[in-house]
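Keep the viewer open while you read.

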Amino acid sequence: MYIVVLIIALGLGFVLQMFLGYLQLKNFAKEYGRLRRIGKVAIGRKPGKIRAGTLVLLAVDNKGNILESSKMQGVTVMAKFKSLDGLKDQNIKSIRKDDLGHYNKLLRNAILDAQHTYKVVSSGGTIENMPSPLTQVMNNVESTFSKIKRRK
């Protein structure tokens, strides 16, 4: 009896997580679309494993000047985009880590990732996808077994 209740509770939790994830994705699409109407959008991300993850959207003009910026920072799927002050009218190419001292570390790294993404894409390159946490674990396990096999 308890196992049935547990399975139902886990199933409901999974469905709720999917629904809230859908709402967060919808919020991202809305914010991205709004910024895309203003100009090109540079996306910076700094996923948090235990701490809050951070996502930054920077709307830039053809010269690389930041027209508007937004951030999403939080641990749960309840995080929403908020305005990111302090970057407007700066050139994305000339932002230095020292200029971002008043932001927290994750936000600073996400902004620098957006700058990197912008530079790579504007020069004709492509950005590699970040592996998911499960993929990272599987890669670590695979490399560990490879090292053990080589030792034998």
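Leaving out residues up to four places away in sequence, which residues does Arg51 touch? They are Val75 and Leu106. Before going further, keep in mind that this is a predicted model.

You'll find Arg51 in the loop that runs between β1 and β2. Its relative accessible area is 54%, and the cut-off for exposed is over 50%, so Arg51 counts as exposed. Val75 sits 24 residues away from Arg51 in sequence, yet the two C-alpha atoms are 6.4 Å apart in space.

**Helix α1**

Next up is helix α1, which covers residues 2-38.

**Aromatic pairs**

The structure holds two aromatic pairs. In one of them, the ring centres of Phe28 and Tyr32 are 6.0 Å apart with the planes at 20°, so this pair is stacked. Both residues belong to helix α1, where they are four residues apart, or about one turn of the helix.

Phe28 also pairs with Phe81, and this pair is tilted, with 6.1 Å from centre to centre and 40° between the planes. Phe28 is in helix α1 while Phe81 is in strand β4, so this pair ties together parts that are 53 residues apart in sequence. Put together, Phe28, Tyr32 and Phe81 make one aromatic cluster.

How open are these rings? Phe28 is partly exposed, at a relative accessible area of 23%. Tyr32 is partly exposed too, at 31% relative accessibility. Phe81, on the other hand, has 12% relative accessibility and counts as buried, because the limit for buried is under 20%.

**Salt bridges**

Side chains of opposite charge can pair when their charged atoms come close. How many salt bridges does the structure hold? There are two, and here they are side by side:

| Salt bridge | N to O distance |
|---|---|
| Glu31 and Arg34 | 2.7 Å |
| Glu68 and Arg34 | 2.7 Å |

Glu31 and Arg34 both lie in helix α1, three residues apart, again about one turn of the helix. The other bridge reaches across the fold's elements: Glu68 lies in strand β3 and Arg34 in helix α1, so the pair ties together parts that are 34 residues apart in sequence.

**The nonpolar cores**

Now for the nonpolar side chains. Which members of the largest nonpolar core touch the most other members? Out of its 16 residues, those are Leu58, Leu87 and Ile111. The largest share, five residues, comes from α2.

Leu87 is a handy one to click on. Setting aside neighbours within four places in sequence, Leu87 is in contact with Leu58, Ile66, Ser69, Ile95, Leu100, Tyr103 and Ile111. Note that Leu58 and Ile111, both in that contact list, are also the residues named with Leu87 for touching the most other core members.

There is also a second, separate core, made of eight residues, among them Leu35, Val41, Leu55 and Met72.

Conventions
Residues numbered from 1 in each chain as written. Predicted model: local features only at pLDDT ≥ 70, side-chain atom pairs only at ≥ 80, totals over all residues. Heavy atoms only, no water. Core = buried A, V, L, I, M, F, W, Y, C linked by side-chain atoms within 4.5 Å. Buried < 20%, exposed > 50% of the residue type's maximum accessible area, 1.4 Å probe, protein only. Helix = DSSP H or I, 4+ residues; strand = E, 2+ residues; numbered from the N terminus. Contact = heavy atoms within 4.5 Å. Expected span 1.5 Å × (residues − 1). Phe/Tyr/Trp six-rings, centres within 6.5 Å; stacked < 30°, edge-to-face > 60°. Salt bridge = Lys/Arg side-chain N within 4 Å of Asp/Glu carboxyl O.
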